[in-house]
Amino acid sequence: MRAPSSVAAATALLLLATPATAQLHKLAVQAGLRYFGAATDTPHQRERAPYPESYPQYDAILANNDEFGQTTPTNGQKWLFTEPAPRLFNFTEGDYVADLAASQGKLLRCHALVWHSQLAPWVEETNWTAPALADAIERHIRAVAGYYRGRCHAWDVVNEALDEDGSYRQSIFYRVLGEEYLRLAFRAAAAADPDAKLYYNDYGIERPTSPKTAGALRLVKMLKDAGLRVDGVGMQAHLHADNHPSAEDLIATSEAYAELVDEVAFTELDVRIKLPVDEQKLQWQKECYQKVVTACVKVKACVGITLWDFYDPFSWVPHVFPNNGASLLWFEDFSKHPAYDGIIETFKSLIAEAEEQPKRRSLGWRA
Ligand code: XIL
């Protein structure tokens, strides 16, 4: 390592001393990422229904593209909402976030075409033959990805197809079609939206040694070997403050995916805390967010980071993991978590480091 020049050191100090205001996406882009974003949902729905008084402040933060340059609908494009009855398509919910992205000039990640959860009940209730379910999946993808054609930077084509041990999840899709459903989903998505990046997306695939990561690598390789287009792997990154992966681990995992696909992304980042919140846990949370940022900046293939919403009261975490919460970057009173400043500091020091080492594996190649 070369000693930093005094100019670079002074720049770094100045950068680090600047107070953090509305700049996650801005700094992410300076650091070489394509985006830093936050998922969002239709007002008055689900988690956010009880908090209408917080919408104006929430909307103002989300609207600032220096903060969030990308968004994903947390719910509206899922099968339950887009095809609630056979051949009955409804894009009202999905359109809310897609239109918001378009009107604000944010990049849109689309989520999710084939997923065992939040599936329309009729899909699970039908007594399928294999050809009939294959038709239903193809029709669904053709209709939904076709409707959003040209608007999605990326599609999560298949979401959460794996069990914890890396074997295939016994979803209705797998039980009826075996792994053929994965192939036909990617084939149909490529036909329906040729310009969208096609992703396999899952949780618990962030650590290099986990069997589920091995499963994700196998799954993607199987698709590629079948001649199908798979452009990206999405690591959801629903992480835990008190037991999180190291930056080195996140880098190693991302690099392993990048041997198979062009891009990787952290698609649903949140870092849950076991309640009650205290300073130690907020510190662990900050370190976890910083490690994800470090990994994404250091891995050439990592295009961006999406928070799974940004305001604690709108998070899914307390609804699904009892006694867990405070997983995002804004507390209920709209003050920021220490992790927010931590992320800003990390971006700034990585930018300064790259400026200091232009000849090393720096940010220049991204331009
Ligand atoms: C969650 C939403 O945030 C909740 O509003 C909903 O009730 C359940 O689903 N993995 C995924 C996301 O891929 O779609 C899930 O989103 C969180 C876990």
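The largest cavity in this predicted model is lined by Thr40, Asp41, Thr42, Pro43, Arg48, Tyr55, Tyr58, Asp59, Leu62, Tyr96, Leu100 and Phe314. Two elements give two or more residues to this lining: helix H3 (55-63) and helix H5 (92-104). H3 gives the most, with four residues. Helices (H or I, at least four residues) and strands (E, at least two) are DSSP runs numbered from the N terminus.

A cavity is a set of points on a 1 Å grid over the protein atoms alone where a 1.4 Å probe fits but cannot get out, and its lining residues have an atom within 4 Å of a point. Points are joined across faces, edges and corners, and a volume is the space filled by probe spheres set on them. The search of the whole structure finds two cavities of 30 Å³ or more.

The second largest cavity is lined by Val114, Trp115, His116, Val158, Asn159, Glu160, Ala161, Arg169, Ser171, Phe173 and Tyr181. Strand S3 (107-115) and strand S4 (154-159) each supply at least two residues of that lining.

| Cavity | Volume | Lining by class |
|---|---|---|
| Largest | about 60 Å³ | seven nonpolar, two polar, three charged residues |

Ala, Val, Leu, Ile, Met, Phe, Trp, Tyr, Cys and Pro count as nonpolar, Asp, Glu, Lys and Arg as charged, and the others, Gly among them, as polar.

Residues are numbered from 1 along each chain as its sequence is written, and side-chain values use heavy atoms, without hydrogens and water. Local features need pLDDT of at least 70 and side-chain atom pairs count only at pLDDT 80 or more, while totals for chains, interfaces and linings use all residues.

Technical notes:
1 Å grid on protein atoms, 1.4 Å probe; cavity = no way out; pocket = protein on both sides within 12 Å on 5 of 7 lines; lining within 4 Å.
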